[in-house]
Amino acid sequence: MNLIFLLFFGAIFSLILFGYLKPGFVFPNSTYIYLKEGKISTSKRTAYFAFILFAVTVFLVISSFQYINTADYARWPMGGWSNDMSRYWFGFQDAHGLSLRKFLLTQGQEPLYIAFIWIMRKLTSHFSVVLLVAYTFVFVSCLKFLRDFILFRCTPPPENQEFAEQPLAFTTFSFFCLFYSFILVSFCLFRMGLAVAVSLYTYRYLLKGKYMKAYGTTLIACGFHFSAAFLFPVCVVYKVYQSKKFKFSFFLSLFFILFLVGMAGAKAVPSIMGALAGGRYTAYTNDGLAVNTYLTNFLLLLMVLYKRKNFLRTKQDSLYLVVMLSSFFILDLQLILGIFYRMIMFTYPITMLAIPRLWSVYKLKRKEMFVSLCARSFLVFYLVFFLYKFCVAGWSSYGLNAYRLFYFY
C-alpha cells in the first residue's frame, strides 16, 4: 500500500510540476484571483501557485517524516536492515558533542556531507529537520534544472538560446518513471540523492558554458558522494565537443580509444580507491555487472546516431550525447569494482530528457514508419520496464518496504 500511495502521489506530483512549467496547459486563458473587494488579474504561473504549493508540501512531508528504524542493529550494514537512512540517523546522533575534526575522522564519509550533518546537529536535535532542509534543496534543484532544459510548445526560449521542443505528456511520463523513482531511492541512499541534486547545477552550468562553475559544483557533489567524480569526464568531453575542433567521426573514434584504454587500465582502480577511501568499498567488489543498463544505453546511443542530423540541434542535445557516451566509462570502472554502478544514477536526469527528445525525433511518417514505430515502442517499453524493476526489485532491496508516514525524529 505504501508503494501504491507513493506512486499515486508521484503521478499527481509530476503532472502538477510540469503544469507549473507550462501553466497554459492548465490555465489557457486569462485568470483572476477573486477577492471580496473585487478581482486581481494574475499571470498563469501565479494562478498555479496553489497547486505547486500543495505538491511541494506533500512531497516534503512524505520525504521528511518517514519511518526510520532506530534499533541498534540497524546501525550496521550487516545488521539485517537494508535501508541506509537508519545509519544516517545514527551518524546525526553521533555528531552531538564532537568537534568537526573528530566527527570527520570517526564517520569515514564524504567531508561536505559530514560538515552539513555537523552544522545541522548544532542547529537542531531533530533529524526530520535535516531531511526537510535536504529535500527542499532537492526540489529547488530539480525545478531549476527542468526550467533550463525543457521547452514546450508556445513557450518563448531564453535569450540567445536555441531549444528543441519537448513533448509534454511523454516528458512528464519519463520524469515519473526515471527521476521520481530515483527520488524514492534517495529515501535510502540519502547522500547519493544530495549529490545528484548538486549535479543538476553542473549540467545547468555546462549548458551555459560556465565550465569553472561546472567543475566547482562537481567538486561539491563529490563532497557528498565520491561517485559524482563521473561528472569530471562529462565536463571535459562536453567542452571538447562544443569546441567544434574535431569532426564528429574523429570525436567518436577518440571516445572509443579512450574507452578501450580505460578497460585496459581498470585494474589500477582498487588500489586508488583503497588509498582515497580506505577499505569500506571492498564489500562491493562482488556486485554484478549492469549488463541491461549498458545495453539500453548503447541502443539509445544508436538511436541518437541514426537520427544525428535531426537530434543534435541544440546545446541540450549535445549534452545528452556526451552523457550517454560518458556512461560507458562507468563500465570500465565497474569491471573491477561493482559499486561504481551507482555512477549511473548521475545519468538519470539527462536520460529522462533525452528519451522524450528521441520520441519527438522519431516521428511516425510514412517513409520510415516501421523504424519510428520500433523506436517509440522501445522507448515506452524501457520506461515501463524501469519503473517495473524499481517496484519489484529496488523497492525491497533498498529497504523501502518499511516506509511509513507521519514519523518525526
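These notebook entries record what I looked up in the predicted model.

**Entry 1. Ground rules**

I worked from a predicted model in which local features need pLDDT of at least 70 and side-chain atom pairs count only at pLDDT 80 or more, whereas totals for chains, interfaces and linings use all residues. Residues are numbered from 1 along each chain as its sequence is written, and side-chain values use heavy atoms, with hydrogens and water left out.

**Entry 2. Overall make-up**

I began with the secondary structure and found 18 helices and 2 strands in the protein. These are DSSP runs numbered from the N terminus, a helix being H or I with at least four residues and a strand being E with at least two.

I then looked up burial: of the 409 residues, 52% are buried. Buried means under 20% relative accessible area, exposed means over 50%, and partly exposed lies in between, with a 1.4 Å probe and protein chains only.

The accessible surface comes to about 19,700 Å², and carbon and sulfur atoms hold 66% of it. Areas were computed by the Shrake-Rupley method with a 1.4 Å probe; for residues, only the protein chains shown count as cover.

For contacts (heavy atoms within 4.5 Å), I noted that 75% of those with a separation of 6 or more are between residues 24 or more positions apart.

**Entry 3. The nonpolar core**

Which residues touch the most other members of the largest nonpolar core? They are Leu17, Phe127, Leu146, Phe175 and Tyr203, in a core of 133 residues. Such a core is a set of buried Ala, Val, Leu, Ile, Met, Phe, Trp, Tyr and Cys residues joined through side-chain atoms within 4.5 Å.

I followed Phe175 further. Not counting residues up to four places away in sequence, Phe175 touches Phe13, Ser14, Leu17, Phe18, Cys142, Leu146, Tyr180 and Met352.

Phe230 is placed in the loop between α10 (211-222) and α11 (231-243). Is this residue buried or exposed? Phe230 is buried, at 2% relative accessibility. With neighbours within four places in sequence left aside, its contacts are Tyr203, Val323, Ser326, Ser327, Ile330, Met343, Phe346 and Thr347. From Phe230 to Arg342 the C-alpha distance is 9.9 Å, across 112 residues of sequence.

Gln242 belongs to helix α11. Outside the four places on either side in sequence, Gln242 touches Tyr211, Lys315 and Ser318.

**Entry 4. Aromatic rings and charges**

I counted 37 aromatic pairs. The rule pairs rings of Phe, Tyr and Trp (its six-membered ring) whose centres lie within 6.5 Å; planes under 30 degrees apart are stacked, those over 60 are edge-to-face, and the rest are tilted.

Why is the pair of Tyr67 and Tyr407 edge-to-face? Their planes stand at 70 degrees, with the ring centres 5.4 Å apart, so the pair is edge-to-face. Tyr67 is in the loop between α3 (49-64) and α4 (85-94) and Tyr407 is in the segment after α18 (369-397), so this pair links parts of the chain 340 residues apart. Tyr407 is partly exposed, at 29% relative accessibility.

I also looked for charges over rings, which requires NZ of Lys or CZ of Arg within 6 Å of the ring centre and within 35 degrees of the ring normal. Lys307 lies over the face of Tyr362, 5.5 Å from the ring centre. Arg376 has its charged end over the ring of Trp359, at 4.2 Å from the centre.

**Entry 5. Helix α18 and the segment after it**

Tyr388 lies in helix α18 and is partly exposed at 48%. Its C-alpha is 9.0 Å from that of Cys177, 211 residues away along the chain. Gly394 is in helix α18 as well, but is buried at 11%. Its C-alpha is 7.9 Å from that of Val185, at a separation of 209 residues.

Phe406 is in the segment after α18 and is exposed at 68%. Its phi is near 70 degrees, a positive value in a residue other than glycine.

**Entry 6. Cysteines**

How many disulfides are there? The count is 0, taking a disulfide as a pair of cysteine sulfur atoms within 2.5 Å. Cys235 is in no disulfide, and the nearest cysteine sulfur, that of Cys222, is 9.9 Å away. Cys235 is buried at 0% relative accessibility, and Cys188 is buried at 1%.
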